[in-house]
Amino acid sequence: MTVLSDAWDYLTTASSWTGEDGMLQLMAQQLLLTGTALLVAMVIGLPLALWLGHLGRGSLLAINVSNVGRAVPTFALLALLVVADWPGTREFGPYGRAGLATIIALTLFALPPIITNANIAVREVSPAVRQAADGMGMTGGQKFWRVELPLSAGLVLSGVRLALVQVWATATIAALVAGPGLGEVVTDGFLRTNYGKGIAGAIVIAVVALVLEAVGAFAQRMLDPVPRTTVRKRRRGMSEAAPIVAEKADAVGP
Amino acid sequence: MTLLAAATAAASSADDPSCYSRLTNEWFCRQYLQDYRSEIVDATVEHIQITIAAVVLAVLIAFPLALVARRLPRLESSILGVSTALYTVPSLALFPLLVPFTGLTATTVVIGLAIYALTILVRSMLEGLRSVPDEVRESATGLGYGATRRLLRVELPLALPVMMGGLRVATVSTVALTTVGTIVSFGGLGNMISDGVLTNFRAELMTASILCVVLAVVLDLLIVGSQWLLTPWTHGKAAAA
């Protein structure tokens, strides 16, 4: 148990936070990475998923994307990108060593929850509401912007929130392949058998993850145009094997 | 002279054809599979053991939790809340946080992975039990089924498809996450991946990555197959529909 007091000592020492390679700097770097990757994934994933959803298509894409994203280990993909000739471990602007490889991997792993949720959200808008919109003479574009998007915004945003937490978790793993970010504190601590340091890093990573989750939940509530009370989950027919719960919950992928 | 040089070059390349040598360092290499066979098999076996132990542990914990959550709705939100919060903790942070309690052992990895699988399983088990129509439950009671017999003979079989869906998701993501166990040196194929990164060994890295995905697909198919065997009544219905 001495490792716990070691961890506490590391956390309460000012020098472990400040300076080059201090935890504050590493945290800022990882947050920057997370934000960039999430933004890129949204720019790529949202238009595609929403457009397919508007056409009532994309169920195959949504299922496959999330299945593949689940089966491919983040660690393996990061490792492959780093060892390859391109992008390799080269420095990339403020993102540090192996920055480009990390951003590519993070973006790829942010896509499944974003695409799956956005696509399902738009497709699940009730047909009656769509017909009503058609009956009022709305064009396709009007129907999408004024009816489908507001109604599905909650689920779309929850996909983005899941992606945020997932990207943060994946960014930590980048340190296992000599990438940037807070994971470095953990891997360095364990490599040098300075377990106190490793555990201190783990605590910081976990706390930031929980804060991000809370901020995400708050932002989701603020941004959702349709005020929602906690609706009891709809019953699903027993023959429906595919659990929607999986689509919504698992995407957090640690 | 040139002939001789060519001959020695040919001989040396025949003698040392290793496509995983420093110079060539190819991604795909059959020679590597042969030379490192025992290492690859060991890592794969460890990977499978850790994955299965974690999923089984998670099922054993999740099922009673799901029953409690269903019986006591007040506890439901706290059970789901706590497990979701644990799920939010990144794996590279969760394993080190368990180290003070379980040390640098495979147990650390198994417990950590079980925590992640637990979240998925509890949700899908609850969802599955809820998918049993009320009328069916009432008829079972009307036929004189007690609570336990109703659960085992009526509700569980009907909830199985949804529960198995959760089990598939949990298993596949556990296979992928086991690799991170390499932080405490028990990562199965993950150990090969981190060694591959450290020593810039492409064949090792690619082999381990592919085996991970193959393992996930195989386990997924095994679960689908067992579900098919366990729910014979669904085949007839599908054919009729």
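Author: A word on terms before we start: contact means heavy atoms within 4.5 Å. Please also keep in mind that this is a predicted model.

Reader: Thanks! Among contacts in chain A between residues at least 6 apart in sequence, how many percent join residues at least 24 apart?

Author: Let's begin with what chain A is built from: 10 helices and zero strands. Read along the sequence, its pattern is α-α-α-α-α-α-α-α-α-α. For contacts in chain A between residues at least 6 apart in sequence, the share that joins residues at least 24 apart is 73%.

Reader: And what is that share in chain B, counting contacts between residues at least 6 apart in sequence that join residues at least 24 apart?

Author: Chain B has 11 helices and zero strands. Taken from the N terminus on, its elements run α-α-α-α-α-α-α-α-α-α-α. Its share of such contacts joining residues at least 24 apart is 73%.

Reader: How much of chain A counts as buried?

Author: The cut-off to keep in mind is a relative accessible area under 20%. In chain B, with 241 residues, buried residues make up 49%. In chain A, with 254 residues, the figure is 54%.

Reader: Which residues touch the most other members of the largest nonpolar core?

Author: In soluble globular proteins, nonpolar side chains tend to be buried together. The largest nonpolar core here holds 132 residues. Those touching the most other members are A:W168, A:L182, B:Y32 and B:I183.

Reader: Let me pick one of them. Leaving aside neighbours within four places in sequence, what is A:L182 in contact with?

Author: A:L182 is among the residues that touch the most other members of the largest nonpolar core. With its neighbours within four places in sequence left aside, its contacts are A:M23, A:L26, A:M27, A:Q30, A:W168, A:V204 and A:I205.

Reader: On to the interface. How much area do chain A and chain B bury between them?

Author: The size of an interface is often given as the accessible area lost when the parts come together. Here 51 residues of chain A are in contact with 54 residues of chain B. Carbon and sulfur atoms carry 77% of the buried area, and the amount that chain A and chain B bury between them is about 4400 Å².

Reader: Which residue of chain B does A:D85 form a salt bridge with?

Author: Across the interface of chain A and chain B, the rule finds one salt bridge. The closest N and O atoms of the A:D85 pair are 2.7 Å apart, and the partner is B:R202.

Reader: Which helix gives the most to the side of chain A that touches chain B?

Author: Several helices of chain A each supply at least two residues of the side that touches chain B, among them α1 (2–12), α7 (140–173) and α9 (195–223). The one that gives the most supplies 10 residues, and that helix is α9(A). By class, the side of chain A that touches chain B has six polar, nine charged and 36 nonpolar residues, but the name you asked for is α9(A).

Reader: Is A:K143 buried or exposed?

Author: A search of the whole structure finds 12 salt bridges over all chains, and one of the pairs is A:D134 with A:K143, at 3.3 Å from N to O. A:D134 is partly exposed, its relative accessible area being 41%. For A:K143 the relative accessible area is 13%, which is under the 20% cut-off, so A:K143 is buried.

Reader: How many residues apart are A:R161 and A:E213?

Author: These two form a salt bridge, with the closest N and O atoms of A:R161 and A:E213 at 3.4 Å. A:R161 is in helix α7 of chain A and A:E213 in helix α9 of chain A, so the pair links distant parts of the chain. A:E213 is buried, with a relative accessible area of 16%. As for the separation of A:R161 and A:E213, it is 52 residues.

Reader: Which residues do salt bridges that share partners join into one network?

Author: Start from the salt bridge of B:E155 and B:R70, which is 3.0 Å from N to O. B:E155 lies in helix α8 of chain B and B:R70 in helix α3 of chain B, so this pair ties together parts 85 residues apart in sequence. B:E155 is buried at a relative accessible area of 0%, whereas B:R70 is partly exposed at 27%. The network joined by shared partners consists of B:R70, B:D134, B:R137, B:R150 and B:E155.

Definitions and conventions
Residues are numbered from 1 along each chain as its sequence is written. Chains are lettered from A and ligands numbered from 1 in the order in which they are written. This is a predicted model: local features need pLDDT of at least 70, side-chain atom pairs count only at pLDDT 80 or more; totals for chains, interfaces and linings use all residues. Side-chain values use heavy atoms; hydrogens and water are left out. A nonpolar core is a set of buried Ala, Val, Leu, Ile, Met, Phe, Trp, Tyr and Cys residues joined through side-chain atoms within 4.5 Å. Buried means under 20% relative accessible area, exposed over 50%, partly exposed in between (1.4 Å probe, protein chains only). Buried area is the accessible area (1.4 Å probe) that two parts lose on being put together, summed over both. A salt bridge is a side-chain nitrogen of Lys or Arg within 4 Å of a carboxyl oxygen of Asp or Glu. Helices (H or I, at least four residues) and strands (E, at least two) are DSSP runs, numbered from the N terminus. Ala, Val, Leu, Ile, Met, Phe, Trp, Tyr, Cys and Pro count as nonpolar, Asp, Glu, Lys and Arg as charged, and the others, Gly among them, as polar.
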